[in-house]
Amino acid sequence: MKQLDLQVINQGLQWLERGYPVWLCTVLGTFGSAPRGPGSMLIARSSGESRGSLSGGCVEEDFIDRLGKGQFKRPNQIVRYGDGGLPPTISLPCGGILDVLVEHFIPNDASLDHLRAIENALEGHAQINRIVDLHSGKFSTGHRDSIGPPIRQVDSKLFIHIGPVKRLIIAGLSPVAEFCIEFGIALGLEVVVCDPRPEELARHKDRWPNARLMEILPAVFIANGGCHAATAVVALTHDPRTDDLTLMESIRTQAFYIGAMGSEKTSQKRLERLVRIGGLTEDEVRRISAPIGLNLGSKTPAEIALAVMADIVRVANGVDRLAL
């Protein structure tokens with residue numbers, strides 16, 4: 001199953017290719033409680049068809065109604081939902097406020113090229129900034145090679161970061177892995193499970209329709225380009241033959257999180273082994289979270305998986321462990 005924002009852009013491209021103008025909505029900022037965060041997208045046609053989400057439903061319904069009445073003809077504009085927003089103001093059930101960028105794309109080469117660049121970035125092939133000029137109505141893309149806020153404004157220009165959908169690679173099925181799959185799907189991650197045992201995969205083949213189960217060694221999948229900068233890799237088998245190779249290949253990638261399950265003693269031996277036999281440097285092994293996850297006193301597979309996924313969320317959000 002494709003991540004929601006990728007579905008949004010795919011649908012927009014299909015409509016543009018058929019000659020339909022489209023309106024792309026992007027959440028720029030939220031105040032108070034809000035159902036979706038900055039960067040969330042929705043695309044729509046004036047007929048009322050849409051794909052994506054900005055809220056729990058109330059914003060979408062109001063936007064589609066206004067779109068049908070011809071209220072969004074400008075190339076782009078920022079609209080507010082919630083207190084102080086579009087008249088007549090609607091109050092969000094959550095009590096929050098949303099600022100939404102609304103862009104009108106006509107079916108031409110420039111629009112198609114722009115959405116294709118977004119699609120390419122969401123698929124993991126690039127990190128880009130969408131650049132939207134609120135005064136001129138012009139749009140473009142630029143390379144993004146540094147960490148920064150997902151959305152920023154400089155004078156009349158908005159810079160919106162577009163990058164790969166976050167991916168979770170799970171090396172080997174195990175009781176802990178099963179809960180990590182469930183949590184990963186719930187968090188909206190692209191979940192990829194790599195296990196070379198056909199009989200193990202067969203037992204679970206219909207259990208997680210929103211995850212990819214692959215009969216392959218995790219290290220091989222990673223070596224063949226399975227990781228990008230928005231990838232987390234977790235080794236959860238307790239089998240050094242699988243876990244060590246997974247870690248060695250992951251270190252060669254830009255994965256933002258690499259972790260391996262095991263006790264303090266087991267983890268220390270593993271890291272020493274990776275330096276001695278795997279040829280990794282001390283700096284490289286410091287990228288590995290071992291023991292994996294936050295120290296929550298976890299005992300059961302579900303508790304361990306919760307600690308693992310919480311640590312991935314922490315790193316993805318740029319929160320220092322000492323700040324918890």
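These are my notebook entries on a predicted model of one protein chain.

**Entry 1: fold elements and size.** I began with the secondary structure and counted ten helices and 15 strands in the protein chain. I then looked up the extent of the C-alpha trace, which spans about 65 × 40 × 40 Å along its principal axes. For 324 residues, a compact globule would have a radius of gyration near 20 Å; I found 22 Å for the protein chain, which agrees.

Entry 2: I looked up burial next: 48% of the 324 residues are buried. The accessible surface of the protein chain comes to about 15,800 Å², and carbon and sulfur atoms account for 51% of that area. I also examined contacts between residues at least 6 apart in sequence, and 60% of these join residues at least 24 apart.

**Entry 3: charges.** I recorded 35 positive and 37 negative side chains in the protein chain. The centres of the two sets lie 1 Å apart.

**Entry 4: cysteines.** How many disulfides does the count come to? I found zero disulfides, taking a pair of cysteine sulfur atoms within 2.5 Å as the criterion. I then checked two cysteines individually. For Cys 180, the closest cysteine sulfur is in Cys 194, and the separation of 14 Å is too far for a bond. For Cys 194, the closest cysteine sulfur is in Cys 227, at 9.2 Å, and this too is too far for a bond. I noted that Cys 180 is buried, with a relative accessible area of 0%. Cys 194 is likewise buried, its relative accessible area being 0%.

Definitions and conventions:
Residues are numbered from 1 along each chain as its sequence is written. This is a predicted model: local features need pLDDT of at least 70, side-chain atom pairs count only at pLDDT 80 or more; totals for chains, interfaces and linings use all residues. Side-chain values use heavy atoms; hydrogens and water are left out. Helices (H or I, at least four residues) and strands (E, at least two) are DSSP runs, numbered from the N terminus. The radius of gyration is taken over C-alpha atoms; the globule rule is 2.2 Å times the number of residues to the power 0.38. Buried means under 20% relative accessible area, exposed over 50%, partly exposed in between (1.4 Å probe, protein chains only). Contact means heavy atoms within 4.5 Å. Accessible areas come from the Shrake-Rupley method with a 1.4 Å probe; for residues, only the protein chains shown count as cover. Lys and Arg count as positive and Asp and Glu as negative; His and the chain ends are not counted. The place of a charge is taken as NZ of Lys, CZ of Arg, CG of Asp or CD of Glu.
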